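Here is a short briefing on one protein chain. Please keep the sequence and the 3D view open while reading.

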Amino acid sequence: MLMALFGCEAPLDLQGVERVSKTPVKRFDRFQSAAKQDNTVVAVGFNGTVLVSNDGATQWKRNNLPGALDLIEAVACGDGSFAVLDATRKIWVSTDNGNTWDSKNIDTAETVTTLTCGFDNKLWVGGSFTSIFSSDDRGESWKTSSLGEDAMFTSIQFLDENYGVASGELGMVIVSNDGGESWEIGPSMPNDFYPES
């Protein structure tokens, strides 16, 4: 009887598994952010996942950044580069349409949460304890400032060369009128609103 049971087993067919393993998007992917510049689109997510399309999002290629943990945000800068924020306090920069990436550390113990690229291509990172970090050399060096408040920034945007807005936890809003050289606390959003972007 035991031989009869083994004789009835169907052959194992792994063609579907092999086909799916070759696709750039996996069913377990969790994407956090995407950025577009001309026909290049960069999408980033957990486990260091970067997807790049150079044809306006028709076809994708996958790249997992070595040593990256969770990629939080991707931005496109006016000089043609892309930048990605890593939860491990790193910035990844690509100057060749997402084909290669160079990482730089942000020297801080604070949690980093948001990234933007200013009109002058300066990178801006916001984080916990109302920290703001800026770099005008693609992450080689960082200038750090903090308002000393126990709140986390979730968004930084520059609307022109001078006017910037950062918002975050408990409805906090700060503004800059000098390209981020200084920041002032603005009127808070009501009801402890927690903006994400």
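S146 touches F129, T130 and S131, leaving aside residues up to four places away in sequence. S146 sits in strand 12, which spans residues 143-146. This is a predicted model.

**S146 in its setting**

- S146 counts as partly exposed, because its relative accessibility is 39%.
- N39 is 107 residues from S146 in sequence. In space, the two C-alpha atoms are 37 Å apart.

**The chain as a whole**

- The protein chain holds two helices and 16 strands.
- Its radius of gyration is 21 Å. A compact globule of 197 residues would come out near 16 Å.
- Along the principal axes, the C-alpha atoms fill a box of roughly 80 × 40 × 30 Å.
- Buried residues make up 41% of the 197 in the protein chain.
- Take the contacts in the protein chain with a separation of 6 or more: 34% of them join residues 24 or more positions apart.

**Surface and charge**

- The protein chain has an accessible surface of about 11,200 Å². Carbon and sulfur atoms account for 51% of that surface.
- The protein chain carries 14 positive and 28 negative charges.

**Aromatic pairs**

- How many aromatic pairs does a search of the whole structure find? The search finds three.
- W124 and W183 form an edge-to-face pair. Their centres are 6.0 Å apart, with 75° between the planes.
- This pair links distant parts of the chain, 59 residues apart. W124 is in strand 10 (residues 123-127). W183 is in the loop between strand 15 (173-176) and strand 16 (184-185).
- Are W124 and W183 buried or exposed? Both are buried.
- F158 and W183 also pair. Their ring centres are 5.9 Å apart and their planes meet at 65°, so this pair is edge-to-face. The cut-off for that label is an angle over 60 degrees.
- F158 lies in strand 13 (residues 153-158) and W183 in the loop between strand 15 and strand 16, so the pair ties together parts 25 residues apart in sequence.
- F158 counts as buried because its relative accessible area is 11%. W183 is buried too, with a relative accessible area of 13%. The cut-off for buried is under 20%.
- W124, F158 and W183 together form one aromatic cluster.

**W92, a buried strand residue**

- W92 lies in strand 7. W92 counts as buried, because its relative accessibility is 4%.
- Which residues does W92 touch, not counting those up to four places away in sequence? The contacts are L65, P66, A68, L71, F82, A83, V84, D86, W101, D102 and S103.
- L65 is 27 residues from W92 along the chain. Their C-alpha atoms are separated by 8.9 Å.

**T111, a loop residue**

- T111 is in the loop between strand 8 (102-105) and strand 9 (112-117).
- T111 counts as partly exposed, because its relative accessibility is 39%.
- T111 touches R89, G126, G127, S128 and M152, leaving out residues up to four places away in sequence.
- V41 is 70 residues from T111 in sequence. From C-alpha to C-alpha, V41 and T111 are 27 Å apart.

- Most residues other than glycine have a negative phi. The next two sites have a positive one.
- D38 is not a glycine, yet its phi is positive, at about 55°. D38 is placed in the loop between strand 1 (31-37) and strand 2 (40-45).
- Is D38 buried or exposed? D38 counts as exposed, because its relative accessibility is 67%. The cut-off for exposed is over 50%.
- N97 has a positive phi near 60°, and N97 is a residue other than glycine. N97 lies in the loop between strand 7 (90-94) and strand 8.
- N97 counts as partly exposed, because its relative accessibility is 36%.

Definitions and conventions. Residues numbered from 1 in each chain as written. Predicted model: local features only at pLDDT ≥ 70, side-chain atom pairs only at ≥ 80, totals over all residues. Heavy atoms only, no water. Helix = DSSP H or I, 4+ residues; strand = E, 2+ residues; numbered from the N terminus. Rg over C-alpha atoms; globule rule 2.2 N^0.38 Å. Buried < 20%, exposed > 50% of the residue type's maximum accessible area, 1.4 Å probe, protein only. Contact = heavy atoms within 4.5 Å. Areas by Shrake-Rupley, 256 points an atom, 1.4 Å probe, with all protein chains shown as cover. Lys, Arg positive; Asp, Glu negative; His and termini not counted. Charge placed at Lys NZ, Arg CZ, Asp CG, Glu CD. Phe/Tyr/Trp six-rings, centres within 6.5 Å; stacked < 30°, edge-to-face > 60°.
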